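Reader: Could you walk me through the packing and the ring pairs here? I would like the cut-offs along the way.

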Amino acid sequence: METELLNRITVIPGLMGGRPTIRGIRFQVADVLGYLAAGMTETELLETFPFLENDDIKAALLYASKKINHPVIRVNNNAA
């Protein structure tokens, strides 16, 4: 299921500056996240942008979660 969702996210050079978009259309993952962060519900988002599908929202959230979950390397400043 994750792979199917992530396949909805496309990065196409020349489209939206190479930023991740939803299914190759001119709607960025960042747009989905921004609207949700501003308080828009998933239902409102789907009604406002009828070309979006529920799985597009899930895909944007999954993509974002994968991008921010990166390894953290700790540096020991007390090492001699």
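Author: Happy to! Buried means under 20% relative accessible area, exposed over 50%, and partly exposed in between, with a 1.4 Å probe and protein chains only. This is a predicted model, in which local features need pLDDT of at least 70, side-chain atom pairs count only at pLDDT 80 or more, and totals for chains, interfaces and linings use all residues. Residues are numbered from 1 along each chain as its sequence is written, and side-chain values use heavy atoms, leaving out hydrogens and water.

Reader: Is Phe27 buried or exposed, and what is its relative accessible area?

Author: The cut-off to compare with is under 20% for buried. Phe27 falls in the buried class, its relative accessible area being 6%.

Reader: How are the rings of Phe27 and Tyr35 arranged?

Author: Rings of Phe, Tyr and Trp (its six-membered ring) pair if their centres lie within 6.5 Å; planes under 30 degrees apart count as stacked, over 60 as edge-to-face and the rest as tilted. The whole structure holds five aromatic pairs. For Phe27 and Tyr35, the centres are 6.5 Å apart and the planes at 10°, so the pair is stacked.

Reader: Which parts does the pair of Phe27 and Phe49 tie together, and how many residues apart in sequence are they?

Author: This pair is tilted, with 4.9 Å centre to centre and 55° between the planes. Helices (H or I, at least four residues) and strands (E, at least two) are DSSP runs, numbered from the N terminus. Phe27 lies in the loop between β2 (21–22) and α2, and Phe49 in the loop between α3 (42–48) and α4, so the parts tied together are 22 residues apart in sequence.

Reader: Which residues do ring pairs link into a cluster?

Author: Phe27 pairs with Phe49 in a tilted arrangement. The cluster linked by ring pairs consists of Phe27, Tyr35, Phe49 and Phe51.

Reader: At what angle do α2 and α4 pack?

Author: Axes are lines fitted to C-alpha atoms, for helices over the stretch in contact, and angles run from 0 to 180 degrees between N-to-C directions. Helix α2 (residues 29–37) and helix α4 (residues 54–68) have axes 9 Å apart, and their packing angle is about 95°.

Reader: Where is Arg8 found?

Author: Arg8 has 17% relative accessibility, so it counts as buried. Its place is the loop between α1 (2–6) and β1 (9–10).
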